[in-house]
Amino acid sequence: MADTRPIRVLVAKPGLDGHDRGAKVIARALRDAGMEVIYTGIRQTPEMIVEAAIQEDVDAILMSILSGAHMALFPKVMELLKKEGVDDILVAAGGILPDEDVPAIKAMGIKGCFGPGTSTEGIIDFVRNNVQADRLTTEV
Amino acid sequence: MENIVERLLNGDRRALARMVTLIENEIPAARRYLAELHQYAGRAHIVGITGAPGAGKSTLVTHLVREWRRRDAKVGVVAVDPTSPLTGGAILGDRIRMMELSGDPRVFIRSMASRGSLGGLAASTRDVVRAMDAAGYNPINIETVGTGQDEVEVMRTAHTVLVVCAPGMGDDIQAIKAGILEIADIFVVSKADKPGADQTVAELSMLLSLDPTRRQHDKSRPYWKIPVLKTSAIKDQGITQVVDAIQQHYAYLVESGMLAHRAQRQVRSEVEALVLHAVVNQLKAKTSEDDWQKLVEDITSRERDPYSVANELEEKIGLRQP
């Protein structure tokens, strides 16, 4: 039923860096918190991320990036989501995100930014508290 | 706004994606939608891909889909991964191998968690396939969870079953056991670039040669001789032959009347499952956690027995006269 269904989360690494340990730790933690995690792995283009999010009908997209390309790739993801008319998916980001970029990232509609030192519990709570619980009662 | 069923039939993939979510979560409206979709489904060739964990199922599916795209098909994929029995969570990782397919709007891939179902599929996989079928995807590939010897549920959903075996996974005694090796319409020996592939082919061929129908079938009727095919994803070898064999198998099913026969068998088990499911839900609705606790304690302390308790519950939901 709608209130007890597992939360579905897409964990993706946009861009070219291959450092996926952080993303895997997050994926595992979300799984252990009872969520269904679609893990797409490294080197994802914004198009791949958005297409996967749509087909998998996820509640949240978590992107991890360590290469410094976040200000190029995040806007592209948000733009594509908007173009597809998707406005009910929670988007959050993690990795190496300099403090001075955080306001701009949040202004794109990315609700959470998680840098080094973040606890997995913090991310689990953030996802639980911010996904749109009524997504299923409204038709797309 | 058009309703979700119309939009799905018109090829809107977001409507299909949401429909799958409604189906998986047993949202009450889903059953009504599925009833509407039923008349539009039944066109797709449903292909099951099963095999042990690490046998190469996702990689094979990726290459099959690529070949079908070359043949201009609009292809569906349902990839099932296991749900953790401890937390209810799951990591659905089949998309990692299918990366190159992502972004093609004529390929629809959906990952499903098994959610406690034990036959290698999720309970709602068949309904999800029906929605994809109605949306015009054909063929639809179902990748099961990595299976052992007894996860044969895919046989009740797919028209054509591929069993993927990697070289060096067991001796010929493993191969002779009942279970998933019996449900293959096509054997695929993956990783043929690795040593031992020829031996695996030989062992499977030996197993098939023991099948008495191979020698004694009625020559005047269509007969499917189960092929054993080698593939190598790294070398991009053997894939077109597998797709050819899948298409030949479908032609065989049509010609021999087996397609209709399988469909009938599947429909029957499907309706049974729907009714059974409703009974289970009814039981849950009419029995509180506290009631259960009490019943379980009474039975474990030997004050009552499971059979009279079952009788009592069956009366409660109207399955038995008092």
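Both faces of strand β5 (residues 140-143) of chain B are covered: B:I140 and B:I142 on one side, and B:N141 and B:E143 on the other, are all buried. Buried here stands for 20 or more other C-beta atoms within 10 Å of the residue's own, with exposed at 12 or fewer, partly exposed in between, and the C-beta atoms placed from the backbone. Strands (E, at least two residues) and helices (H or I, at least four) are DSSP runs, numbered from the N terminus.

A word on the ground rules: this is a predicted model, where local features need pLDDT of at least 70, side-chain atom pairs count only at pLDDT 80 or more, and totals for chains, interfaces and linings use all residues. Residues are numbered from 1 along each chain as its sequence is written, while chains are lettered from A and ligands numbered from 1 in the order in which they are written.

Two strands pair if DSSP finds at least two bridges between them. Here are the pairings, along with one that links the two chains.

| Strands | Sense | Bridges | Residues facing each other |
|---|---|---|---|
| β1 (46-51) of chain B and β5(B) | parallel | four | B:I46 and B:I140 |
| β2 (75-81) of chain B and β5(B) | parallel | four | B:V78 and B:I142 |
| β2 (36-44) of chain A and β3(B) | parallel | three | A:E36 and B:A90 |

Chain B puts in 29 residues and chain A 28, with two residues in contact if their C-beta atoms, placed from the backbone, lie within 7 Å. On the chain B side, α2 (13-24), β3 (90-92), α5 (94-97) and β4 (107-113) each supply at least two residues. The largest share, eight residues, comes from α2(B). By class, this side of chain B has 14 nonpolar, ten polar and five charged residues. Nonpolar covers Ala, Val, Leu, Ile, Met, Phe, Trp, Tyr, Cys and Pro, charged covers Asp, Glu, Lys and Arg, and the others, Gly among them, count as polar.

What about chain A as a whole? Chain A has five helices and five strands, in the order β-α-β-α-β-α-β-α-β-α from the N terminus. Its C-alpha atoms fill a box of roughly 40 × 35 × 25 Å along the principal axes. The radius of gyration of chain A, 14 Å, agrees with the value near 14 Å for a compact globule of 140 residues; it is taken over C-alpha atoms, and the globule rule is 2.2 Å times the number of residues to the power 0.38. Of the 140 residues in chain A, 44% are buried. Among chain A contacts between residues at least 6 apart in sequence, 74% join residues at least 24 apart.
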